[in-house]
Amino acid sequence: ATLSRANLTAALLQFSKMRKAWDEWQSVSSVSMETQSKVLTRLWEARELNMSEFLLQYRQNLETKNTAVELSQTLWRAWINVLQQSNQAERWLTTGAVTTAADDYRGINDDK
């Protein structure tokens with residue numbers, strides 16, 4: 001029982017760290033990435049960027065988006081670990097109300 005509690009505590013701490021990282025990314029990077037994409041397109045259309053500059057900056061933007069996907073995946077893994085350690089995985093998967101509450105708690109689908 002003590003080991004189970006310790007595993008759950010560790011899973012909750014990891015989830016909390018990942019949730020904080022996700023929230024920080026959402027509040028800063030997600031908006032700037034969209035803005036950067038629009039600015040890049042405008043600069044390209046206005047011929048203020050040559051092809052290599054546009055492609056280099058666009059690639060950097062894609063790498064940032066890839067990092068966001070990886071962060072999201074890590075957050076999901078941390079959430080699943082919490083469910084497993086608390087023996088709630090099956091309930092979460094089969095109960096709509098629990099799924100809705102989980103989405104709200106995780107905040108992954110929040111419109112920010």
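Biologist: In this predicted model, which residues of the largest nonpolar core touch the most other members?

Modeller: The largest nonpolar core holds 13 residues, and the elements that give two or more residues to this core are α1 and α2. Within this core, the residues that touch the most other members are Phe15, Met18, Trp22, Trp25, Leu71 and Leu75.

Biologist: Which helix gives the most residues to this core, and how many?

Modeller: Both α1 and α2 give two or more residues to the core. The element that gives the most is α2, and its share is 7 residues.

Biologist: Which residues does Met18 touch, once residues up to four places away in sequence are not counted?

Modeller: Met18 is one of the core residues that touch the most other members. Not counting residues up to four places away in sequence, the residues that Met18 touches are Leu71, Thr74, Leu75 and Ala78.

Biologist: Is Ala78 buried or exposed, and what is its relative accessible area?

Modeller: Ala78 is found in helix α2, and, leaving aside its neighbours within four places in sequence, Ala78 is in contact with Gln14, Phe15 and Met18. A residue counts as buried when its relative accessible area is under 20%. Ala78 is therefore buried, with a relative accessible area of 5%.

Biologist: What distance separates the C-alpha atoms of Ala78 and Leu13?

Modeller: Along the chain, Ala78 and Leu13 are 65 residues apart. In the predicted model, the distance that separates their C-alpha atoms is 9.2 Å.

Biologist: How are the rings of Trp22 and Trp25 arranged: stacked or edge-to-face?

Modeller: A pair of aromatic rings is described by the distance of the centres and the angle of the planes. The structure holds 4 aromatic pairs, and in the one formed by Trp22 and Trp25 the centres are 5.5 Å apart, with 25 degrees between the planes. Planes under 30 degrees apart count as stacked, so the angle of 25 degrees makes the arrangement of Trp22 and Trp25 stacked.

Biologist: Where do Trp22 and Trp25 lie, and how many residues apart are they?

Modeller: Trp22 counts as buried at 8% relative accessibility, and Trp25 counts as buried at 15% relative accessibility. Both lie in helix α1, which covers residues 2-45, and their separation, about one turn of the helix, is 3 residues.

Biologist: Which helices hold Trp44 and Phe54, and how many residues apart in sequence are the parts that this pair ties together?

Modeller: Trp44 and Phe54 form a tilted aromatic pair, with 5.3 Å centre to centre and 35 degrees between the planes. Trp44 lies in helix α1 and Phe54 in helix α2 (residues 51-85), so the pair ties together parts whose separation in sequence is 10 residues.

Biologist: Which residues form one aromatic cluster with Trp44?

Modeller: Trp44 counts as partly exposed at 33% relative accessibility, whereas Phe54 counts as buried at 14%. The residues that form one aromatic cluster with Trp44 are Phe54 and Tyr58.

Biologist: What accessible area do Trp44, Met51 and Leu55 have together?

Modeller: Met51 lies in helix α2 and counts as partly exposed at 43% relative accessibility. Trp44, Met51 and Leu55 form a nonpolar patch on the surface, and their accessible area together is about 290 Å².

Biologist: How many helices does the chain have, and what pattern does the chain follow?

Modeller: The chain has 4 helices and 0 strands. Read along the sequence, its pattern is α-α-α-α.

Conventions: Residues numbered from 1 in each chain as written. Predicted model: local features only at pLDDT ≥ 70, side-chain atom pairs only at ≥ 80, totals over all residues. Heavy atoms only, no water. Phe/Tyr/Trp six-rings, centres within 6.5 Å; stacked < 30°, edge-to-face > 60°. Buried < 20%, exposed > 50% of the residue type's maximum accessible area, 1.4 Å probe, protein only. Core = buried A, V, L, I, M, F, W, Y, C linked by side-chain atoms within 4.5 Å. Contact = heavy atoms within 4.5 Å. Patch = residues over 30% accessible without salt bridge, like charges linked within 9 Å, V, L, I, M, F, W, Y side chains within 5 Å. Areas by Shrake-Rupley, 256 points an atom, 1.4 Å probe, with all protein chains shown as cover. Salt bridge = Lys/Arg side-chain N within 4 Å of Asp/Glu carboxyl O.
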